[in-house]
Amino acid sequence: MPGMPTVQSHLTTSGRVALKILKKVKLMGSAARFSEFLCQRPVLVGAAIKGINLEERVDEEEANETFMLIQENAEADDETPGLHNAIYPLVKDSNASKANVFTIGRGYDNDLVMVDFAVSKRHAIIEIKPEGYLLRDHRSTNGTMVNHTKVTDEPQLLRDKDVITFARYEFIILTPKSLYSRLA
């Protein structure tokens, strides 16, 4: 579809995109168009998001793994401003510099802004490399984890469906294909 907008035109100042936007884009076409809308980049999905199936059995090779995120406040919905309800595409504003480096933190100079004192001003960094997405902690006070394992200064390669924790906030990373198949 020529002239289809990208997620960049729908990002908030904190780097989020609304779930209702993603649902509308899904209705507009194929998984390929959805992936194009997301600039072929994954998203970080908050643990309390409704309308995305975060509990899913995977193919037989991984049949013993279940991807499920549990949020204590089951009443939360995608209209709640909390971080547990945020969706952060790993896409920067079109005017941003260093397109292959995403900074995450409380400070407004980060690409992904998480306004909470549990999150450090510059909490973590995700770099886009030819081998994939690499996450490293930026000496944060409350830590960064991938699949419940602490991340250090050494980069951790991210994979589809990894659970990522910044301080007390848990997200799951989903490729555009995974997100497309999980949207209600």
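**Reading strand 8**

Modeller: Start with a pairing: strand 8 and strand 11 (residues 156-158) are joined by 3 bridges in the antiparallel sense. Two strands count as paired if DSSP finds at least two bridges between them. In strand 11, Leu158 is the bridge partner of Tyr133. This is a predicted model: local features need pLDDT of at least 70, side-chain atom pairs count only at pLDDT 80 or more, and totals for chains, interfaces and linings use all residues. Residues are numbered from 1 along each chain as its sequence is written, and side-chain values use heavy atoms, leaving out hydrogens and water.

Biologist: How many helices and strands does the chain have?

Modeller: Both are DSSP runs, numbered from the N terminus: helices are H or I with at least four residues, strands are E with at least two. This chain has 3 helices and 13 strands.

Biologist: Which way do strand 7 and strand 8 run?

Modeller: They run antiparallel, with 6 bridges joining strand 7 (residues 124-129) to strand 8. A hairpin of 2 residues links the two strands. Ala124 has Asp137 as its bridge partner in strand 8.

Biologist: Why is strand 8 largely enclosed by the rest of the structure?

Modeller: Buried means under 20% relative accessible area, with a 1.4 Å probe and protein chains only. In strand 8 (residues 132-137), 5 of the 6 residues are buried, so the rest of the structure largely encloses this strand. Across the chain, buried residues make up 48% of the 184 residues.

Biologist: What share of the contacts with a separation of 6 or more joins residues 24 or more positions apart?

Modeller: Contact means heavy atoms within 4.5 Å. Here the share is 54%.

Methods: Buried means under 20% relative accessible area, exposed over 50%, partly exposed in between (1.4 Å probe, protein chains only).
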